[in-house]
Amino acid sequence: MKLKNAFAVFASFFAIGLASAQDLGPQIRKLEDGVYVYVGKNFNSNCGIVLTQDGVVLIDSGHNPTDSRAVLAAVRKLTPLPVRFLIDTEPHPDHTTGHFVFSPPATIVAAEGAGDSMRSRERGDPERIQKLAATSPEMRAALEGYRFVTPQIEYHQKMTLKVGERTFELIYLKGVHSESDTAVWLPKERVLFSAAGIVVGQINNLRPIVSIPDILAAARLMKSLNPLHVVPGHGTPGTVKIFEDSEKYYALLLERVGRLAKEGKSLDQIKKEVRMPEYENWAAQERFPTNVEAAYRAVKGG
Ligand SMILES: [Zn+2]
């Protein structure tokens, strides 16, 4: 009996991989066998870690290179296999600066337009890496060997990636956050990486290219997949409730902005008047004016 127990413990040790979730540090959360998330602190971006028989697939590369190094250290504890692919949910620097940590050998995959978006930002702020290195000695060390790395593969609308025993469905989301947003769906595991068009517990930054009807359409599409786990680009992973909370917020915002617009108020007047006290505990309130602008565009049919 004793021997049998000892064998069971020994066998399960190997079945779960080389490390248990708590050995991986407080930021790593296990969702399903071989599917982990490195959860960014204080709304920093999340990074998915998916193990397969043929190597590792990452979803985003961490908020800062210090996070990318921590992700790589966790991967090294989980498997001796290489990182084969890195899928970008968006091209912004808080998801992509750490590409150089993984590629090569990883092949980076993103929606069409990601490389152009990254290049134009890089040109707009040529001192960015120097400034980032100056923020702390740890950041400087993590940036050692930095190179600007853009995706090697850009897909159009949809792509299916099969790696080992797993399937990754990449779905382009139009108009939700950046020029090139991707949701990553693992149909067998029912895990959805939902990108940054919908965030958790904070007001999102709605740029002029973003449309609230497109965000709501993306929420409906992602909910229809019936995921068990939803991992947003930023914020605590959860369930489809993440989409429902955003749907409620935008419905209320559209209603209130719509009413004021009907009364003939200008955008400037509406910005001064409209209030959402139900959401005053959400973080990043300074982004609220961009939400009013987007709601105004939507109710005016623009
Ligand atoms: Zn972003």
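Where is Pro105 found? Pro105 belongs to the loop between helix 4 and strand 6. The account below concerns a predicted model.

The peptide bond from Ser103 to Pro104 is cis, and its omega lies near -5°. The bond that joins Pro104 and Pro105 is cis as well, with omega of about 10°.

## Positive phi outside glycine

Gln157 is a residue other than glycine with a positive phi, near 70°. Its place is the loop between strand 7 and strand 8 (158-163). Gln157 counts as exposed because it has 10 C-beta neighbours inside 10 Å, where the limit for an exposed residue is 12 or fewer.

Asn226, likewise not a glycine, has a positive phi of about 60°. This residue lies in the loop between helix 8 and strand 12 (229-232). Asn226 also has 10 C-beta neighbours inside 10 Å and therefore counts as exposed.

Helix 2 (residues 65-78) has 14 residues, which at 1.5 Å a residue should span 20 Å. The C-alpha atoms at its ends are 20 Å apart, in agreement with that expectation. The buried residues of helix 2 are Pro65, Asp67, Ser68, Ala70, Val71, Ala74, Val75 and Leu78.

Glu144 is situated in the loop between helix 7 (137-142) and strand 7 (153-155). Although Glu144 and Pro65 are 79 residues apart in sequence, their C-alpha atoms are 9.4 Å apart in space.

## Packing of helix 8 against helix 9

Helix 8 (residues 212-224) and helix 9 (residues 241-262) have axes that come within 10 Å and cross at roughly 155°. Helix 8 is therefore roughly antiparallel to helix 9, since angles over 145 degrees fall in that class. The crossing of the two helices is left-handed.

On the side of helix 8, the contact is made by Ile212, Ile215, Leu216, Ala219, Met222 and Lys223. Helix 9 contributes Phe243, Ser246, Glu247, Tyr250 and Leu254. Sorted by class, the residues in contact are eight nonpolar, one polar and two charged.

## Packing of helix 9 against helix 11

Helix 9 also meets helix 11 (residues 288-299), and here the axes come within 9 Å and cross at roughly 65°. The two helices are therefore roughly perpendicular to each other. Helix 9 passes helix 11 in a right-handed crossing, whereas the crossing of helix 8 and helix 9 is left-handed.

In this contact, Leu253, Leu254, Val257, Gly258 and Ala261 of helix 9 meet Asn291, Val292, Ala295, Tyr296, Ala298 and Val299 of helix 11. By class, the contact has nine nonpolar, two polar and no charged residues. Leu254 takes part in the contact of helix 9 with helix 11 and also in the contact with helix 8.

Notes
Residues numbered from 1 in each chain as written. Predicted model: local features only at pLDDT ≥ 70, side-chain atom pairs only at ≥ 80, totals over all residues. Axes fitted to C-alpha atoms, helices over the stretch in contact; angles between N-to-C directions. Helix = DSSP H or I, 4+ residues; strand = E, 2+ residues; numbered from the N terminus. Parallel < 35°, antiparallel > 145°, perpendicular 65-115°, else oblique. Left-handed = near helix turned anticlockwise from the far one by under 90°. Contact = placed C-beta atoms within 7 Å. Nonpolar A, V, L, I, M, F, W, Y, C, P; charged D, E, K, R; others polar. Expected span 1.5 Å × (residues − 1). Buried ≥ 20, exposed ≤ 12 C-beta atoms within 10 Å, placed from the backbone.
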